Amino acid sequence: MNNVKNTIYLDNNATTQIAPEVAEEMLPYLGMFYANPSSIYTIGQEARAALESAREKLAGLIGAHADEIVFTSCGSESDNTAIFSAVELNPGKRHIVSTRVEHHAVLNYLKYLQGKGYRVTYLDVDSLGSIDTGAFNHALTDDTAIATVMYANNETGVIFPIEELCVIAREKGILFHTDAVQAAGKIAIDVSKEAIDMLSISGHKLHAPKGIGALYVKRGVPFHPLLIGGHQEMGRRAGTENLASIIGLGKACELAGTEIENDTSSIQALRDKLEKNLLGKCPDARLNGNSNNRLPNTTNISFEHVDGEAILLMLDFHGICASSGSACATGSPEPSHVLSAIGVPPTFIHGSIRFSLSRYTTEADVDSVIEVMPGIIKRLRELSPVGRDKFCAAR
Ligand code: PLP
């Protein structure tokens, strides 16, 4: 395995490094503190106390009550559970409202429900990647079981007008869920001030381990579990709790809560430096998404007439990890559904790269990317017939 210390990791929307403080807090629970939190004897009750303390820390990050937090195995499970619960409890309602740019954890679950006869309205986004609150209002009907709209987009970082959307849904008596997997820990969220009924979180996006997530369910919101079995999580999610990872998620939320302001300004400054230089030094590049309303750590840039996967491979050669804005990287020739929905022009869409930073990103990391990227783009354009004709003859 390559030494990750030699890697410049700018793919933090894909997953994050476990914070050292988180790993330290988890270690005892991977060793001697192995008791089942449902056991009645002393060490079981100690495990229970640690679990409840983690629940309080997570609740604290988003302004929730501890009893409103259900631990799950990941963001995808949280998303599936929220939608499943709503449709299960409203058998007479056969319509769901969402957007075209959700993560596949939502989109593919909705597709599955469409196969079962549900109607789904997928709201369009504008050229800046956001949705129109009027269109959202218009889409909600008496037949709508739930509206699900992400807090912030994983590819562009664009933040959605959740405060307004949840009020509109509340006024119409429709359940509102938001996938906050990318937003939690990066921007302040306060569910106590918002009419959000359910909200999804994933541990590995905020410096906790993979395989742990949570679903916030507002007090009084009717809920039906996805996993049925034991009485864990107050009957809301069966299965013996993943205690070590829950402890890690609690610690990660505590850290995010205390560091969110510092992190935000320093991460944003580095992101802005990276973005400004890439757009300035690489001709025919464009920024995707609303530059004024984004997660502070994310930039998504398209380079005309270049293949995103080729860019990624050349970045990898320099030890730089980023992500292609196109699904090509996962073996599909289709461009990203998010960038397609925004209307990124065809000559740009395949050359889209997402850089996502974290509190561990250094200025030296960013400077390295700024140094190598113009050469990579120039080289790839020289190799591509279209790029060669367009860029190399003229310059
Ligand atoms: N929702 C969003 C917006 C995401 O970015 C992701 C992961 O990339 C998920 C959901 C799924 O989270 P998990 O990997 O924890 O299942």
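Glu275 counts as buried, at a relative accessibility of 9%, and in this predicted model the side chain of Glu275 meets that of Arg294 in a salt bridge, with 2.7 Å from N to O. Because Glu275 lies in helix α8 while Arg294 lies in the loop between β9 (285-287) and β10 (298-303), this pair ties together parts that are 19 residues apart in sequence. Arg294 likewise counts as buried, and its relative accessibility is 9%. The points below take up the salt bridges, the surroundings of the ligand, and several single residues in turn.

**Salt bridges**

- Another salt bridge joins the side chains of Lys273 and Asp367, where the distance from N to O is 2.8 Å. Lys273 belongs to helix α8 (residues 243-281) and Asp367 to helix α12 (residues 363-383), so this pair ties together parts that are 94 residues apart in sequence.
- Lys273 is partly exposed, with a relative accessible area of 28%, and Asp367 is also partly exposed, with a value of 32%.
- Within helix α2 (residues 42-62), Arg55 and Glu52 are 3 residues apart, which means that about one helical turn separates them; their side chains meet in a salt bridge of 2.7 Å, N to O.
- Which of these two partners is buried, and which is partly exposed? Arg55 counts as buried because its relative accessibility is 1%, which is under the cut-off of 20%, whereas Glu52 is partly exposed, with a relative accessible area of 26%.
- Arg55 and Glu52 also belong to a network of salt bridges, in which they are linked with Arg48, Glu233 and Glu241.

**Around the ligand**

- There are 13 residues around the ligand, and those that come nearest are Ser76, Asp179, Gln182, Ser202 and Lys205.
- Helix α3 (residues 75-89) supplies the largest share of the shell around the ligand, namely 3 residues.
- Where polar atoms are concerned, a polar side-chain atom of Asp179 lies 2.6 Å from a nitrogen atom of the ligand, while an N or O atom in the side chain of Gln182 is 2.8 Å from an oxygen atom of the ligand.
- How much of the ligand's exposed area does the protein bury? The ligand taken alone exposes 390 Å², and the protein buries 88% of that area.

- When residues up to four places away in sequence are not counted, Leu206 touches Thr16, Leu61, Ala184, Gly185, Ile201, Leu249, Ala252, Cys253 and Ala256.
- From C-alpha to C-alpha, Leu206 and Thr141 are 36 Å apart in space, and in sequence they are 65 residues apart.
- Ile18 is placed in the loop between β1 (8-9) and α1 (20-30), and it is partly exposed, with a relative accessible area of 36%.
- Leaving aside neighbours within four places in sequence, Ile18 is in contact with Ala23, His207, Ala208 and Pro209.
- Ile18 and Asn6 are 12 residues apart in sequence, and their C-alpha atoms are 17 Å apart in space.

**Ser352 and its polar contacts**

- Ser352 is found in strand β13 (residues 352-356), where it counts as buried, at 0% relative accessibility.
- The side chain of Ser352 makes a polar contact of 2.7 Å with the side chain of Ser302, and a polar atom of the Ser352 side chain also lies 2.8 Å from the backbone oxygen of Ile349.

- Which residues make the nonpolar surface patch of about 360 Å²? The patch is made by Ile40, Tyr41 and Ile43.
- Of these residues, Ile43 has its place in helix α2, and it is partly exposed, with a relative accessible area of 45%.

Definitions and conventions. Residues numbered from 1 in each chain as written. Predicted model: local features only at pLDDT ≥ 70, side-chain atom pairs only at ≥ 80, totals over all residues. Heavy atoms only, no water. Salt bridge = Lys/Arg side-chain N within 4 Å of Asp/Glu carboxyl O. Helix = DSSP H or I, 4+ residues; strand = E, 2+ residues; numbered from the N terminus. Buried < 20%, exposed > 50% of the residue type's maximum accessible area, 1.4 Å probe, protein only. Patch = residues over 30% accessible without salt bridge, like charges linked within 9 Å, V, L, I, M, F, W, Y side chains within 5 Å. Areas by Shrake-Rupley, 256 points an atom, 1.4 Å probe, with all protein chains shown as cover. Contact = heavy atoms within 4.5 Å. Near = heavy atom within 4 Å. Polar contact = N/O pair within 3.5 Å; in protein donor to acceptor, adjacent residues only side chain to side chain.
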